[in-house]
Amino acid sequence: MITISTLIAVPAIAAVVLLVIPFARQAAGYLALLVSLAVLGGVIGFIYRFEPVAGYQFSDNISWIAPLGVRWHVAVNGVSLAMIAVTALITTCALGFALWAKRDRSHASFALILMTEAFLFLVFAARDLFAFYVGFEGMLIPLLVLLVVWGGPSRKVATLQVIAYTAFGTLLMLLAILYLGLTAPGGPNFDMEAAIGRGNDWVFFAFAIAFAIKSPLFPLHGWVLPAYRQASPEVAAVLSGVASKAGAFAFLAVLVPLFPAQSEQYAWLFIALGTIGFLWGSLLAFRQPDGRGVVAYSSIAQMSFIVLGIFLLSDRGATGATFQMVNHALVSAALFLVVGWLETQVGSGYFAQLGGLARRRPVLATVSMVLGMAALAVPGSSVFASEFLIMLGAFESHWWLGAIVALGAVLAAMYMLRWISAILHDRESALAGTLNPPDLKQGALMAILPLVLVLIGLSIAPAQFTDRVDASAHALISAAAKEAGR
Amino acid sequence: MDIVVFFVASGCAIASAIAVVAQKNPFVSALALLANLASLAALMLLLEAQFVAAAQIIVYAGAVMVMFLFVIAYVGPRGEIGGGVRKPWLVALSVFAALLIAVEVIVVVFGASLGAVASVDTDYGSPAAIGKALVTDYLLAFEVVSVILFMAAVAGVVFGTGGRPVRLSTEQVLAKEGESAVARRREASRAALDAARDSTTGESAR
Amino acid sequence: MTELVWITLALPLVGVALLALFGNNLPARGAGLFASLIMLAAFVTAAVALILLANRPEDQRQVTETAWTWLSAGDFRVGFDIWFDELTALMLVIVTGVGFLIHVFSIGYMKGDLQERRFFAYMNMFVFSMLVLVVSGNLVQLLIGWGLVGLSSYLLIGFWHHKTSAVKAAKKAFIINAIGDVGLAVGIFLLFVDLGTVSYSGVFASADTLSETQASIACLLLLVGALAKSAQIPLHTWLPDAMEGPTPVSALIHAATMVTAGVYLIARMNPLFFYAPKVLDLIVIIGVIGLLMAGAIAIVQTDIKRIIAFSTMSQIAYMFVGVGLSAYWAGIFHLFTHAFFKALLFMGAGLVIHALNGEQDTRNMGGLRKLMPKTYFCFLIGGLALTGIFPFSGGFSKDAILSAGLHVDSTIGWIAYGGGLVGALMTGIYTFRLIFLVFHRRLSPYAEKVAPPLIKHHGEGPRSMLWPVYILALGAAFLGLLQIPGLTHVMSSWLEPISPNGMIEATAGQEWLTTLIGSLVGVVGIIIAAHLYLHESDAPDRIRLGRGRLIARALERRCYWDDLYEWMFERPTQWTASFLNRDVDATAFRWLPTDGIGTITAFFGRSVVVLQNGIVRSYALVFAVGIAGFLLYLLVRGT
Amino acid sequence: MSVGIPLFLGVSAILFTIGLIGVLLRRSPLTILLSLEVMLNAVNLSLVAFSRQIGGSDGQVFALVVMGIAAAEVVVGLGLVVAMTRRSMVLDTDELRTLNG
């Protein structure tokens, strides 16, 4: 029987092969695309075989580093499978976009994207703290290389900022993991099951800070803007789409189940930070001068909102947060690809140099409009469904909290409308008028369209998604919810 | 008798030490140091350390001071630089710190009772006794000192022979560069350093 | 029967999909024709469904059906439902019927625009959204329809997106409607928390378990949504700006259907509002203030579409008064007749604008009666219906609302009655001011230059534009006969079952009395308008610049609502956001944790670098001081 | 033995202080080296005095070692002075500030 390990191994092996053998661009691109499509197919297979109420499935549990008690223990529940699926999809689209954009030294860039995918799979599937750490830290390596080699003009500073932030967080987490693993009763044991409830406040916060940086949660979001601005579009898509979800996912699937008491005790803190971050990011997105800036701050807002949903420690909050993670991954990845496409065509992502692009470009207009409307959670969209659940959860815990975050949705409308009209509407800028960019088509469209279609599909029947993850999400928060007496 | 010798010798020692420190001309300072060494040798004789006293005279006055005088002669009038022209509070602090150390030591010395002085036989302080100690208990220290001395000699040769021998008097040097020129050069290099630093931080700030 | 409803719902969606995917393969004309045929089919199915429903016995006229579960989490489940009863059926027919006529009208109106396919796709999408809204069987789906009509409205207001003013108006409409959506959403949260359900049947069944406070708060929140969507005070400022959209859009969305959704919501949720009598009173008061204010503002406007827009706001305020008085059938009746005569007026205005090559300023019109007699005739019918002159449709429906106030016979009832009559006077004034300015008087120089050649070339408009106007004119003239006081009761008896707690219905005597007074007041208004505007005179300007100048200026600035919001919300938000972005976020969160740490360290390094001055003697001094200090420490410590 | 050991130590302290003042205040490297000699000799005196106090020869051996080290230090110091002179540098320690931060 095929397990999750296979899913992790395939892109990893492909990455190594691509890295070592200097394929030509086309060959490397199609090979990478083929691999990622195969992975996507595998994931779909897993989704069909998945039993929503059966807990963790498709597991492997073998000894890995015996003296330390580290085991290769991977398995998925509904939440992790959802994240794996969205990772596979976004990676495929990012590869497609990279192939279209014709990067130099492409075989290496494809290899690194696949490597990121493998590490992300490990993060989402790991049931052993050490393996989780390997994935959580390891995914940064290809991402940073992608950022620093294929990024924009200030890529080095951006990379330094990312390193400064994440190194701080993950070092704390490493200490916490070592503490939990080495103090396990009966010899070193890094299995997550063995760590449940054994942590103290310091260990809890060491994890929380690492996850908050990766998410990014409100006061630790400083690395986001430079990184998202400087990364090449496909890397920005992966970074904002799924790499940041690793942080939020870890809150839900690692922090809350492992530290039920602390999660309950400090839930107010994360709810407060999530609320502030939601409003903060929304307000700041409203003032950014460029397409990427708006998406970056909207990501900060949305990720803070997701963390808020997780720490509601309720069914609605957890399911809504999971759903929102998937939705936001799709939306922000697609938005970055669209903005990146614009940059390749117009040479600038700044609003002052865009505008009026809806004329004669129906495909671009439709795609951007659908994405923009999804991003501002127009009722009926899947993003609306997930935000509705989180807000309902917030309202159930405190009515005023629900009211505040609901008002935040108005801010989302403000900045997304500004994004839409600055790109599509009003007069054409001089630059866009002179360059007269073509409509979105073929290669780039093929990279973006799957994300849009999945979003539309999820909008038609969000329950198809929520029914599959509801039980898993509930299981993850149930211990902490029990602490709260809920 | 001893007490008279002690006071005369120590008075000479202190006076000559002050002369060493205060004299503008290094040549005079060196001569004052000779006097100081001699007075100390006398004091050591009072302490029945005959060998050390002799070594003091022979090694210091005989060898080290000669080297000093050679260098002073080599350097000539350029070695004559008056007392420090520094900020008054630094001078005050220096003197204060030094005097504080003196007072503290004296307080300790006279405040603590050292107890009875050990009685010694005539052998004490003789070359034989010292030599025996040097080659038995303190052999390692002895050898280390000799190695250090050797290395110092090599270093002296290296320092003394490198560079371009230019014979310029202090006045000439001052005329060539001038105090203000030195100051200006210092300013320039500092400004360049600052500029370099600002440009690096500025870039990363962007 | 439910199959027909599903088909009605699906048809416009199919239209959108086909137009979006294959629109480019259609000829420009074909898109309009296709969309209109879709609408015709939808109208037919809706009408058949209505007839089938009417043939059922009265106690079986409420059908619900769930297609699939839309969203679930824990014990929260909502389906994609239909809830088909008398009110839904009526709304379906209004939306598809008026929608069909306006689609046909648009074929002519939008001819020559390069983006007709996009226009018709948006129009079909709007109809779909509106149908989702009215057929919904639960509050979440209502909210979805609520949001989707807002989206369609945004797209259509900003249809000419190269115009900055249109884009701005579209954004404004969307954001204010988003505020309304939030109010509605929070109301839904509250109902779910209190009642554990969001379906209509569940809410209605357990509404009596709510305390009055709970019911009032929930109703207030729903009301926020209704106010935003229906452009009522204080969330009305988007509607006049929304006239930036093409005229058929104004007719369909901003007159006939979408803006009346608030009335529909209150009528639909009446079993809940029954438990919040204070909120109902508030609705009446908001309605009265709104109808007076909008009517007064309409008197001073110069843009033909804005005058009609303020009139719309005023008429919806009447509907609010009606539902606020628990005369739900009267509110819906007015909604029904209003859909006809207001669409008629908008389309008449559209004909005028079309004939004047896009001109909308009434000062550039005048004397069009002779050039466009058919339009004038239809417009006059619409104007009389709007003014509420017996026996035109608007008169019956408006008087039904006012007489309900008389029937209630409380302070609120009298406020409604008095306010409504004053409003009727204003309605007469502004409606006929508009008619006189546009159709009477002398031809303005502009109109004289532009209109005759255009009209000579293709008449008052293509047949596709004229026929819908004729049909609407028929409706505007005669639909009131459905409910002649004391004689016919089609409306009130049809809508009776939607309110389990009973409705207010005035006696025939009260209604006739109101009809008499209302018509008289309307005629007085017409006379005043005729006195001031029938012929060119400086009388209006004398009032405007003379004694009434303060009021006139306030009205021309639309009572300062826009300025108020700009200074209260818009600018502070922008300032705060700019401040946070430029000064706080950039320093505290982007600079401080990375470069900031380096810079601060370097700063401290540079401040202690003084010690490292390179002078060896200084080091010796520090050394000496250290030794002295250490010895002192040892001495003082003893030992 | 009529003179108390503390008196020797007191003299030693005074000499040490004088030397220290010289090191701290004078700018000429030659004078500084001479002042250092004064300090070292002061210490030598106290070493010999302590040696006498306890009656062992350890202190004296230590004093001899100090002398050796002092000689080495003088060689290096004077070598530096000579090197400076040969490079026609100003013989002023305040001007030697390449360590300036």
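The model shown in every view is predicted.

**View 1. Helices of chain D in the predicted model.** Read along its sequence, chain D follows the pattern α-α-α, with 3 helices and 0 strands in the chain. The radius of gyration of chain D is 17 Å, well over the 13 Å that the globule rule gives for 101 residues, and chain D is therefore more spread out than a compact globule. Along its principal axes, the C-alpha trace of chain D spans about 55 × 25 × 25 Å. Of the 101 residues in this chain, 63% count as buried, a class that takes in residues with 20 or more other C-beta atoms within 10 Å of their own.

View 2. Chain A and chain D, by contrast, do not touch, and their nearest C-alpha atoms are 27 Å apart.

**View 3. Domains 1 and 3 of chain B.** Chain B is divided into domain 1 (1–82), domain 2 (84–114), domain 3 (123–160) and domain 4 (169–206). The centres of domain 1 of chain B and domain 3 of chain B, taken over C-alpha atoms, are separated by 22 Å. Where these two domains meet, 4 residues of domain 1 of chain B are in contact with 5 residues of domain 3 of chain B. The side of domain 1 of chain B that touches domain 3 of chain B has, by class, 2 nonpolar residues, 1 polar residue and 1 charged residue.

**View 4. The contact between chain C and chain A.** Chain C contributes 42 residues to this contact, and chain A contributes 51 residues. On the side of chain C that touches chain A, at least two residues each are supplied by β1 (63–73), α5 (139–157), α6 (164–195) and α26 (561–608) of chain C. Of the elements of chain C, α6(C) gives the most to this side, with 14 residues. Sorted by class, the side of chain C that touches chain A has 26 nonpolar, 12 polar and 4 charged residues.

How values were computed: Residues numbered from 1 in each chain as written. Chains lettered and ligands numbered in written order. Predicted model: local features only at pLDDT ≥ 70, side-chain atom pairs only at ≥ 80, totals over all residues. Contact = placed C-beta atoms within 7 Å. Helix = DSSP H or I, 4+ residues; strand = E, 2+ residues; numbered from the N terminus. Rg over C-alpha atoms; globule rule 2.2 N^0.38 Å. Buried ≥ 20, exposed ≤ 12 C-beta atoms within 10 Å, placed from the backbone. Domains from an automatic or database assignment. Nonpolar A, V, L, I, M, F, W, Y, C, P; charged D, E, K, R; others polar.
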